Amino acid sequence: PPPGQSRAVPSLWGQLSEWMQGAQQAAFAEKTLEATTYATIDLVRIQDHIEELKSKVESTFEIVFCHNDLLAANILEDPVTGTLKLIDFEYGGANYRAFDIANHFNEWAGGTEDGKPDYERLPTETQKYDFCRAYLSERRQQHELLDDDEEEEEVKVLVDQVNLFLILNHYYWGLWAVNMGCTKGCETFPYLSYCKQRLLQVEHMSQ
């Protein structure tokens, strides 16, 4: 929305809270790989870290309508015109725009087919800047914001916000995976293994 429009309530915190409660109540059959993996997930530590990161999210962070699940399979390209179309808005709603971009960047790693993200495929800082610069340029054109004097500073601010949300996004889908593994089982997808991969990436980023 244009600057100055009234702020909506971001869905991020409520969804994290819901999935955290579900993860705390999750149960898996004894002596299974899922039960063993679940026992290694420190939910108290995760909750504390989420609260720490939440304290760094400022009221000035822009809230927009977000897709919240921008993996490759949800982005279609017209082979003739090159036009992009987004599909599957199951998780769509008001949220921080930087979270949506962070989610998209994390999805570069894949893993939604086999539970094994390849984090060597994540965008570089240069690619992040290029993406955010293109996003902001398109936004200015759509809303006829013609003043480009502060463009690079605006790009830096957005990239910094995106980097903050990268870890929160790993917790978001990690907790989702625990809930899915508990309710749907892990026969068709290794939800608990996928959760551990997301959490291991958090550890790597926190070093």
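## Close-up views of a predicted model

View 1. The crossing of H4 and H6 is right-handed. This is a predicted model. The two helices, H4 and H6, pack at about 65°, and their axes lie 7 Å apart. H4 and H6 are therefore roughly perpendicular to each other. From H4, the contact takes in Arg97, Ala98, Phe99, Ile101, Ala102, Asn103, Phe105, Asn106 and Glu107. From H6, the contributors include Leu158, Gln161, Val162, Phe165, Leu166 and Leu168. Asn169, His170, Tyr172 and Trp173 of H6 also take part. By class, the residues of this H4 and H6 contact are 12 nonpolar, 5 polar and 2 charged.

**View 2. Asn169 is a buried residue of helix H6.** Asn169 sits in H6. Its relative accessibility is 0%, so Asn169 counts as buried. Setting aside residues up to four places away in sequence, Asn169 touches Phe99, Ala102, Asn103, Asn106 and Arg198. Asn169 also belongs to the contact between H4 and H6.

**View 3. Helices H5 and H6 pack at an angle of about 120°**. H5 covers residues 125-142, and H6 covers residues 151-184. Their axes are 9 Å apart. At that angle, H5 is oblique to H6. The crossing of H5 and H6 is right-handed. On the H5 side, the contact residues are Glu125, Lys128, Tyr129, Cys132, Arg133, Tyr135, Leu136, Arg139 and Arg140. On the H6 side, they include Glu151, Glu152, Glu154, Val155 and Lys156. Leu158, Val159, Val162, Asn163 and Leu166 of H6 meet H5 as well. The contact of H5 with H6 has 9 nonpolar, 1 polar and 9 charged residues.

**View 4. The largest nonpolar core has 51 residues**. Ile41, Ile50, Tyr96, Phe165 and Trp176 have the most contacts inside this core. Helices H1 (12-24), H3 (43-54), H4 (97-107), H5, H6 and H7 (191-206) each supply at least two of its residues. H6 gives the most, with 17 residues.

**View 5. Ile41 is a buried loop residue**. Ile41 lies in the loop between helix H2 (33-39) and H3. Ile41 has a relative accessible area of 10% and is buried. Ile41 is also among the core residues with the most contacts. Leaving aside neighbours within four places in sequence, Ile41 is in contact with Ile46, Val178, Leu192, Cys195, Lys196 and Leu199. Ile41 and Pro190 are 149 residues apart along the chain, and their C-alpha atoms are separated by 15 Å.

**View 6. Asn68 and Asp88 have positive phi values**. Most residues other than glycine have a negative phi. Phi of Asn68 is near 75°. Asn68 lies in the loop between strand E1 (63-66) and strand E2 (75-77). At 0% relative accessibility, Asn68 counts as buried. Asp88 has a phi of about 60°. Asp88 lies in the loop between strand E3 (84-86) and strand E4 (93-96). Its relative accessibility is 39%, so Asp88 counts as partly exposed.

Conventions
Residues numbered from 1 in each chain as written. Predicted model: local features only at pLDDT ≥ 70, side-chain atom pairs only at ≥ 80, totals over all residues. Heavy atoms only, no water. Axes fitted to C-alpha atoms, helices over the stretch in contact; angles between N-to-C directions. Helix = DSSP H or I, 4+ residues; strand = E, 2+ residues; numbered from the N terminus. Parallel < 35°, antiparallel > 145°, perpendicular 65-115°, else oblique. Left-handed = near helix turned anticlockwise from the far one by under 90°. Contact = heavy atoms within 4.5 Å. Nonpolar A, V, L, I, M, F, W, Y, C, P; charged D, E, K, R; others polar. Core = buried A, V, L, I, M, F, W, Y, C linked by side-chain atoms within 4.5 Å. Buried < 20%, exposed > 50% of the residue type's maximum accessible area, 1.4 Å probe, protein only.
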